[in-house]
Amino acid sequence: MRGAWSFASVLLIFLLALFSLTCGYYSFTFIFRQSEIIPSYLTFIAQSFVSIVIFFLGFKIYLNLQWHFTHKTRKFDLSRSEILSGAVEAMNKIASGDFNVFVTTSELDPFNEVADNINRMARELGSLEKLRQDFISDVSHEIQSPLTSISGFASLLKKGNLNQSQISHYATIIEAESKRLSKLSENLLRLSNLESENHYLDLKQYPIDKQIENILLMLEPQWSAKNITLDVSLERTIICGDEDLLSQVLINLLHNAIKFTPENGSIGVKLSSNKNITECKISDTGIGISQQDQPRIFERFYKADKSRDRSLGGNGLGLSIVKKIIDLHGGKISLMSEIGKGTEFTILLPK
């Protein structure tokens with residue numbers, strides 16, 4: 001590059017000198033013709049002087065332009081080096097698990113898009129890492145509570161000096177907490193399986209109205225014990241779906257409706273369909289969900305009222321599983337709720 005660049009410089013200087021001499025000669029020739037002055041040796045000196053002035057002015061302009069472009073190129077190379085070195089350093093940090101990185105960007109730099117993508121990747125990976133940490137924290141918390149109860153009441157049983165009523169009471173608590181642990185483990189495995197790339201739906205056509213009737217009959221001991229009134233309207237509907245998974249959705253939503261509806265309340269189940277969509281609404285006159293909690297109600301382990309849910313045996317995974325199953329079917333689930341007036345879940349499934 002240096003040899004080619006030097007040859008170009010010499011050529012430009014030669015052409016500049018030739019241009020200067022030509023300008024000096026023809027300018028004076030034009031003046032003499034107009035004024036009819038006879039050229040002399042002084043004329044030659046003046047002509048040479050003009051040519052030299054033109055040459056040096058042109059050469060000065062050339063040097064200024066060359067310095068400007070060289071300086072700009074060096075500045076760009078420095079900028080490019082800074083961005084690339086920053087990108088490499090950021091990638092090394094990301095590879096080691098540190099997502100708190102940022103590559104300085106410049107809108108005029110061609111590598112700006114690379115820097116922007118690295119910054120976006122770092123933000124998204126950081127968000128995923130936070131979700132992972134929160135998930136581990138939530139699981140640990142959910143496991144720790146029943147384990148503490150089991151350990152404490154087992155210690156009391158081990159000490160002895162208890163009457164039969166106390167033994168029976170402590171044993172019942174240990175059994176209930178063990179079932180709670182088992183349910184948590186079952187839900188975690190189910191959610192993991194649903195999110196697996198290898199999970200496939202067992203699709204078939206079946207009457208979902210009959211499925212809802214059977215589930216309501218299965219849950220009769222629960223809603224009849226609270227003297228809950230059912231308002232059921234089921235349109236004859238055939239859908240194509242995974243019957244077992246959709247059964248989990250319906251059982252979960254109806255179980256929650258029964259659990260959070262007070263005695264002498266009511267639960268509504270309405271099923272309707274058109275050519276493309278099946279709609280199922282499950283409503284209750286329960287305690288309701290606040291506006292601030294509704295956007296997060298389908299998140300894992302999220303509980304609108306942790307103390308209330310714990311007393312009723314929830315672990316915050318049921319609605320996450322429901323949402324995932326509906327998503328796998330290409331459907332949508334939404335809710336409308338108001339504190340003290342109840343909740344209504346709406347499921348939309350493609351036929």
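Guide: Let us start with the residues of α9 that are buried: G318, L319, S320, I321, V322, I325 and I326. Buried means under 20% relative accessible area, exposed over 50%, and partly exposed in between, with a 1.4 Å probe and protein chains only. Helices (H or I, at least four residues) and strands (E, at least two) are DSSP runs, numbered from the N terminus. Before going on, please note that this is a predicted model, where local features need pLDDT of at least 70, side-chain atom pairs count only at pLDDT 80 or more, and totals for chains, interfaces and linings use all residues. Residues are numbered from 1 along each chain as its sequence is written, and side-chain values use heavy atoms, with hydrogens and water left out.

What covers the buried residues of α9? The cover includes α4, α7, β6 and β7, where contact means heavy atoms within 4.5 Å.

Take α4 to begin with. The axes of α4 (residues 164-195) and α9 (residues 318-328) come within 10 Å and cross at roughly 25 degrees. Axes are lines fitted to C-alpha atoms, for helices over the stretch in contact, and angles run from 0 to 180 degrees between N-to-C directions. The two helices, α4 and α9, are therefore roughly parallel, a label for angles under 35 degrees. On the α4 side, N187, R190, L191, L194 and E195 meet S320, I321, K324, I325 and L328 of α9. Sorted by class, this contact of α4 with α9 has 5 nonpolar, 2 polar and 3 charged residues; Ala, Val, Leu, Ile, Met, Phe, Trp, Tyr, Cys and Pro count as nonpolar, Asp, Glu, Lys and Arg as charged, and the others, Gly among them, as polar.

Next comes α7 (residues 243-260), which holds S247. S247 counts as buried because its relative accessibility is 19%. Apart from neighbours within four places in sequence, S247 is in contact with Q211 and I215.

Just after α9, G330 takes a positive phi of about 75 degrees. As for the strands, β6 (residues 332-338) has I333, L335 and S337 on a covered face, while K332, S334, M336 and E338 lie on an uncovered one. In a regular strand the side chains alternate between the two faces of the sheet. β6 runs antiparallel to β7 (residues 342-350), joined by 7 bridges; two strands pair if DSSP finds at least two bridges between them. S334 has T346 of β7 as its bridge partner. In the hairpin of β6 and β7, with 3 residues between the strands, G340 takes a positive phi near 80 degrees.

Notes: Parallel < 35°, antiparallel > 145°, perpendicular 65-115°, else oblique.
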